[in-house]
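Visitor: I am new to this structure. Please show me how to read its features.

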Amino acid sequence: MTDVRANEAFPVTQAMKDSGGWNPLWDGLSELDPEWTELYMTTAMQPWNSGVLSPQVIQLLCIAVDAASTHMYAPGVRRHIRAALDMGVTPKEILEVLKLTTVVGIHSCNVGVPILMEEIANTR
């Protein structure tokens, strides 16, 4: 039941939905446990609301998180790139963040290559 009381009870969740920042993959979570979802989203939005980081930096961090090989959420990358550009972040700055984000993928080699080397040594 979506009504005014629900909007008042879950203001952060509702604001995210209204602003386009809501991921539809969270719908089930919100439906099953709206109170916990509201608490989580309140915590997740704290950096946005604290004023410690500039909105531009927050957008760049969101791009990095959404583009990381462990997350890869294209709708979020698109939304945050658009928002960053609208705030005056340059395409070159965004590209540098994307290049830095690729470093996350090297962890596959950090884990896999030593194991490969051990196994090669064990076959000799």
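Predicted model: local features only at pLDDT ≥ 70, side-chain atom pairs only at ≥ 80, totals over all residues.

Visitor: Let me take one residue. Where is Q59, and is Q59 buried or exposed?

Guide: Q59 sits in helix α6, which runs over residues 55-67. Its relative accessible area is 4%. The cut-off for buried is under 20%, so Q59 counts as buried.

Visitor: Which residues does Q59 touch, leaving out those up to four places away in sequence?

Guide: Q59 touches W48, H80, A83, A84 and M87.

Visitor: What span should α6 have?

Guide: Count 1.5 Å a residue: the 13 residues of α6 should span 18 Å. The C-alpha atoms at its ends are 18 Å apart, so the two values agree.

Visitor: How are two packed helices described?

Guide: By two values: the angle between their axes and the distance between the axes. Take α6 and α7. They pack at about 160°, and their axes are 9 Å apart. Angles over 145 degrees count as roughly antiparallel, so α6 and α7 are roughly antiparallel to each other. The crossing of α6 past α7 is left-handed.

Visitor: Which residues make that contact?

Guide: From α6 come Q59, C62, I63, D66 and A67. From α7 come G76, V77, H80, I81, A83 and A84. By class, the contact of α6 with α7 has 7 nonpolar, 3 polar and 1 charged residues.

Visitor: At what angle do α6 and α8 pack?

Guide: The angle is about 40°, with the axes 9 Å apart. That makes α6 oblique to α8. Here α6 passes α8 in a right-handed crossing.

Visitor: Which residues of α6 and α8 meet?

Guide: L60, I63, A64 and A67 in α6 meet E93, I94, V97, L98 and T101 in α8. The classes in this contact are 7 nonpolar, 1 polar and 1 charged.

Visitor: Now another pair. How do α2 and α4 cross?

Guide: Helix α2 (residues 11-19) and helix α4 (residues 34-44) cross at roughly 70°. Their axes come within 8 Å. That makes α2 roughly perpendicular to α4. On the α2 side are P11, V12, T13 and M16, which meet T37, E38, M41 and T42 of α4. That contact of α2 with α4 divides into 4 nonpolar, 3 polar and 1 charged residues.

Visitor: Where is W36, and what is its relative accessible area?

Guide: W36 is found in helix α4. Its relative accessible area is 44%, so W36 is partly exposed. Now look along the chain. W36 and A67 are 31 residues apart, and their C-alpha atoms are separated by 26 Å.

Visitor: What about phi?

Guide: Most residues other than glycine have a negative phi. M72 has a positive value, near 45°. M72 lies in the loop between α6 and α7.

Visitor: Is M72 buried or exposed?

Guide: M72 is exposed, with a relative accessible area of 61%.

Notes
Residues numbered from 1 in each chain as written. Heavy atoms only, no water. Helix = DSSP H or I, 4+ residues; strand = E, 2+ residues; numbered from the N terminus. Buried < 20%, exposed > 50% of the residue type's maximum accessible area, 1.4 Å probe, protein only. Contact = heavy atoms within 4.5 Å. Expected span 1.5 Å × (residues − 1). Axes fitted to C-alpha atoms, helices over the stretch in contact; angles between N-to-C directions. Parallel < 35°, antiparallel > 145°, perpendicular 65-115°, else oblique. Left-handed = near helix turned anticlockwise from the far one by under 90°. Nonpolar A, V, L, I, M, F, W, Y, C, P; charged D, E, K, R; others polar.
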